[in-house]
Structures are given as structure tokens and as C-alpha cells.
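Trainee: Could you take one part of this chain and walk me through it closely? Please spell out each term as you go.

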Amino acid sequence: GGGGRGARRSGVCGAAWRGARRVAGQLCWEVVPAIDPARVGGDVDRVDERARAVDGWVSDGQVVGAGMRVILSRRTGLHHCAGWLDREQGRPWVPGALCDIRSMAKPIVATAALTLAEDGALGLSDPVSRFLPSFGRDVSRSITVEHLLHPPAGLDHPGFPARLRSYPDLRAAADDVGRVGPTVEPGSRFRYSDAGSTVLGAVVAEVAGRPLEEVVSRRVLQPLEMVDTVADPDPKDARLASSYKLAGGEFTRYWKPGDPPKLPFFPGAGGLLSTTSDYARLLAVWMDGGRSRTARLLRGHTAAMALRSVPLTRLPEERGNHGMQWWLYSDPAEGEGVQLVFGSDGSDGTWAMAAPALDLMVLYFSQSRGGGTVFDAMGLVRELLERA
């Protein structure tokens, strides 16, 4: 055990994996080829409307830079870029922009956890204290792995007793959460929580006996050929986007390539960078019941279970319900005839969704924290779905 302790940000990938990423970049590797949307039944005017919207958000100062990808029948019908990867350096947004996806790392860690469950290494009903003794206290003893996945674990958001960056490693952060415990009874209500996702990451690392970034790489990223999803980006990579946040009505750059990492370790609740092309691979394997072109990651019944809400996660709010670390924008558990629409978003301005029945994926990546264009993008896609 102890795979999570002392795991500094050494990176998701080893030397061989970094070599694969370099080769992929040289080949201009894409998850899906571009195609005229009309050839796969797409409405060209509607696709163009989304491109114009992105341009408008940039020109209006609502976002510093962004890219939107629309995938119809596994073909890219739109991949539109506007604005800047780094405004101060004059670097324009590029199709393969590498962005901090923040909470969109959570479904990736959940996928790794579910593969371990299928292997029998952990059970969803197992108490977290089985793997992390700090959860053996009365206040935390009833929290289970499934509570962390859905998550009604009773932990606040973000939920860390101290600032996350103050912890030396993943295990120290998780142990502190267990020591303090939840603020409401585990299993009593839904609470979105970064702390819960970090504890899940620590459980994954402990079960596998390896650093979390290594487990995620071996069990998810490598099988899906997600060569651009990394915790340790090359600061000289020309595709690397700077991060901005909204303050006083203006976007201010708060991180740029070459700056120290935002956190000294991979926390599981965030900490990965990716591209729209790479993240589409993750969406696709979940759309296809856990199977990719080259590998089966999960059994179909596991994927279906994870993409359904339970009573505690059917939420009375417009955003939708919650599965196992996926937002469910339309949930079959709500009733007969409801089609599945699922996705994830990140607080630096990234979002992705998939509608399996329509064989549709939409991904919108920016790095403009505090802006509202992710919700605007969601609205545009909702209109697209309603007209389908």
C-alpha cells in the first residue's frame, strides 16, 4: 500500500509514454477526422452558428480564447478556434490547445476506480477506512467508496480542512479530510465535493500500490491512447494555454507556461491538462459501453450503472442529475423514454458532453475562469438537442 503517499508531481507518463506523445504530436494525431457536417446528417447552419458564437464571446471580452469541437457520427463537423492562448504574448488559440481541465479529471479518476472494482481489488460498498485508516474515526467510518463516486459522502466543497496547496502530497490531504470528517450524515444527501474526489484518488492509489498519476495512466490514458492528457506538460509546448481569471470585470492572467505547477501533487479532483480531441476519446468509450476501438475498459453494465443517478443524486436544479462523477444533463433514471446526455465541466472554463442516441459530442475549452461562456455553450447545445 501507500501508493499515494509522497507521490509528487512526477507526471502521468513515463519515458515511453512521453515518447508516444511526441510521435503523436508530430503526426498531428486527431481522435476523429474532419468532415462536412452535411455528410453525416448535420445542419451546416446550426454548426456555423456555434462558430459565430465563439467569435462573438471573444470580441465582446467574455473570454480570452476558446475552441469548440462538434463531433457528429464520430466525425468532426466543427472545430473552431478564436482568441488567445496567451494574450500578453500574442499567441493565438490553436486546434490542439492544451488546457487545464480542472474537475473534468474526476471522471478519469472514477474510471480508474471502476476498473479496480471490476478486477475485485475494491468493492463499491467497502468503507473507505478499509484503505485509509484516517477514516476509521467515528465521524468518517460510514463513508463508502460508492459515496465518493456518486457522491453523497457528506463532505463539503471544496471540503479540505486547510488549503489544498498546503498539503505535501495526496495522502496527506485525504488523511486530513478523514480526520475532520463530513459535515452531514454520509448517504443522507448529495454534496458535490473536491475533497471527496481527492479521497477517491487516494483510495485508488492505495489499492493499486502506486502513485495515482501512474494508475490513471496505465488504466485509462494509455488504453484509450489519450496521449495529450497530462499532469506534467512541457512548458515549451506551443499548444499550452495560459490561465486567466475574471477580476474587476477584466480577465487577468494568473498562470503561464514556465510558472510553478498550480499544485505540488496530482490531487485527483483536478490536476490534468487535455485537449478536446483527447477528451473526446474518454466520452466515446463511455458512449460505447466501456469499449474503445482497441480495448475494453469497463463492462457494459458497469458503464450503464455509472451513467445513472440514484435517488439522492436526482437534483431539483436545471444543471441536471449526477452519476458516478459525471453530470447527467438528461437521465434515463428520470423515466421511460428519456435519452442519456452526460458530461463534465471544469472551473477554468472547460466543458464536454455526449448524447449517445444522437452519436453527438460537443466540447468547449477555454481558460477564462469566472466567465459565463461555458453556460452559454451549454445553452447553444441544449437548443441543438431540442431541435434534433
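Mentor: Start with glutamate 225, which lies in the loop between α7 and β5 (243–247). Helices are DSSP runs of H or I with at least four residues, strands are runs of E with at least two, and both are numbered from the N terminus. This is a predicted model, where local features need pLDDT of at least 70 and side-chain atom pairs count only at pLDDT 80 or more, while totals for chains, interfaces and linings use all residues. Residues are numbered from 1 along each chain as its sequence is written, and side-chain values use heavy atoms, with hydrogens and water left out.

Phi of glutamate 225 is near 55°, a positive value in a residue other than glycine. With 28% relative accessibility, glutamate 225 counts as partly exposed. Here buried means under 20% relative accessible area, exposed means over 50%, and partly exposed is in between (1.4 Å probe, protein chains only).

Now go to α7 itself (residues 212–221) and its partner, α3 (residues 106–118). Their axes come within 9 Å and cross at roughly 75°. Each axis is a line fitted to C-alpha atoms, for helices over the stretch in contact, and angles run from 0 to 180 degrees between N-to-C directions. α3 and α7 are therefore roughly perpendicular. That label covers 65 to 115 degrees; under 35 counts as roughly parallel, over 145 as roughly antiparallel, and the rest as oblique.

Which residues meet? From α3 come Ile108, Val109, Thr111, Ala112, Thr115 and Leu116; from α7 come Leu212, Val216, Arg219, Val220 and Leu221. By class, this contact of α3 with α7 has 8 nonpolar, 2 polar and 1 charged residues. Ala, Val, Leu, Ile, Met, Phe, Trp, Tyr, Cys and Pro count as nonpolar, Asp, Glu, Lys and Arg as charged, and the others, Gly among them, as polar. Contact means heavy atoms within 4.5 Å. An α-helix has 3.6 residues a turn, so residues three or four places apart point the same way.

Stay with α3. It has 13 residues and spans 18 Å from its first C-alpha to its last, close to the 18 Å expected at 1.5 Å a residue. The expected span is 1.5 Å times one less than the number of residues. In α3, 12 of the 13 residues are buried, so the helix is largely enclosed by the rest of the structure. Among the buried ones are Lys106, Pro107, Ala110 and Glu118. The cover includes α4 (145–149), along with α6 (194–208), α7, α8 (276–287), α9 (300–306) and β10 (341–346). Just after α3, glycine 120 takes a positive phi of about 85°.

Follow the loop between α3 and α4 to serine 134. Serine 134 is buried, at 17% relative accessible area. Its side chain makes a polar contact of 2.9 Å with that of aspartate 175. A polar contact is a pair of N or O atoms within 3.5 Å; within protein, one must be able to donate a hydrogen and the other to accept it, and residues adjacent in sequence count only if both atoms are side-chain atoms. Beyond its neighbours within four places in sequence, serine 134 touches Ala174, Asp175, Gly178 and Arg179.

Finally, step back. The protein has 10 helices and 13 strands. Buried residues make up 56% of its 388 residues.
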